[in-house]
Amino acid sequence: MALKVPHCARCSGACELKTLASVSAEDGPLKLTLLDLPVFACVKDHKAPVHGDFMIWLIHEIRAREAQIEAGREEGMLFKKHLCGACGKDLAAKSEGRRVYPYELKYEELAPFKVQIDMPLYKCSACGKEQIRSTRDLHGRVPAAMVGINDDAGFPHSG
Ligand SMILES: [Zn+2]
Ligand SMILES: [Zn+2]
């Protein structure tokens with residue numbers, strides 16, 4: 001697929017491909033940062049994603065990597081308990097720090113860019129392994145964080 005360089009939806013000016021050095025957003029425990037993000041921008045600096053489905057694609061790409069992040073298990077319908085993914089014992093109630101999980105992404109023929117998934121870590125009370133509390137903790141936050149990314153990048157609301 002060759003990228004089609006559009007005209008700006010807001011001012012009809014000619015767009016060109018640019019990169020945003022850093023765009024970030026948070027939702028609950030999740031902080032997402034995109035580095036060197038490719039975007040279209042016009043001379044008036046109105047920005048747009050490089051494709052109409054780009055943000056959805058991004059959500060899928062991030063979620064495709066969540067299984068690589070060591071996580072605990074969530075138990076209980078009413079009173080949530082978080083257990084170590086390795087040994088099954090209780091995770092500490094409070095997080096002891098955060099970790100950034102960096103990944104490189106590439107959209108079509110564009111230059112690669114980076115996504116950083118930043119989450120709090122919880123230590124297992126028994127084996128000492130640090131991990132995020134649950135994959136769900138991350139999974140469920142990605143769309144809302146992406147709305148924040150959309151806004152921080154200056155993209156119009158669509159879809
Ligand atoms: Zn414009
Ligand atoms: Zn453990």
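## D152 in helix α3

D152 lies in helix α3. Helices here are DSSP runs of H or I with at least four residues, strands are runs of E with at least two, and both are numbered from the N terminus. This is a predicted model, in which local features need pLDDT of at least 70, side-chain atom pairs count only at pLDDT 80 or more, and totals for chains, interfaces and linings use all residues. Residues are numbered from 1 along each chain as its sequence is written.

D152 is partly exposed, because it has 17 C-beta neighbours inside 10 Å. With C-beta atoms placed from the backbone, 20 or more others within 10 Å make a residue buried, 12 or fewer make it exposed, and counts in between make it partly exposed. Beyond neighbours within four places in sequence, D152 contacts V23, S24 and A25. A contact has backbone-placed C-beta atoms within 7 Å. A25 is 127 residues from D152 along the chain, yet their C-alpha atoms are 7.2 Å apart.

## The buried side of α3

V142, A145, I149 and N150 of α3 are buried. They share one side of the helix, because their arc around the axis is only 155°. That arc is taken from the directions from the helix axis to the C-beta atoms. Their cover includes β1 (15-27), β2 (30-42), α1 (54-65) and α2 (135-139).

D36 is not a glycine, but its phi is positive, about 60°. D36 sits in strand β2.

E108 is not a glycine either, and has a positive phi of about 45°. E108 belongs to the loop between β6 (97-105) and β7 (113-123). E108 is exposed, with 12 other C-beta atoms within 10 Å.

Note on methods. Chains are lettered from A and ligands numbered from 1 in the order in which they are written. Two residues are in contact if their C-beta atoms, placed from the backbone, lie within 7 Å.
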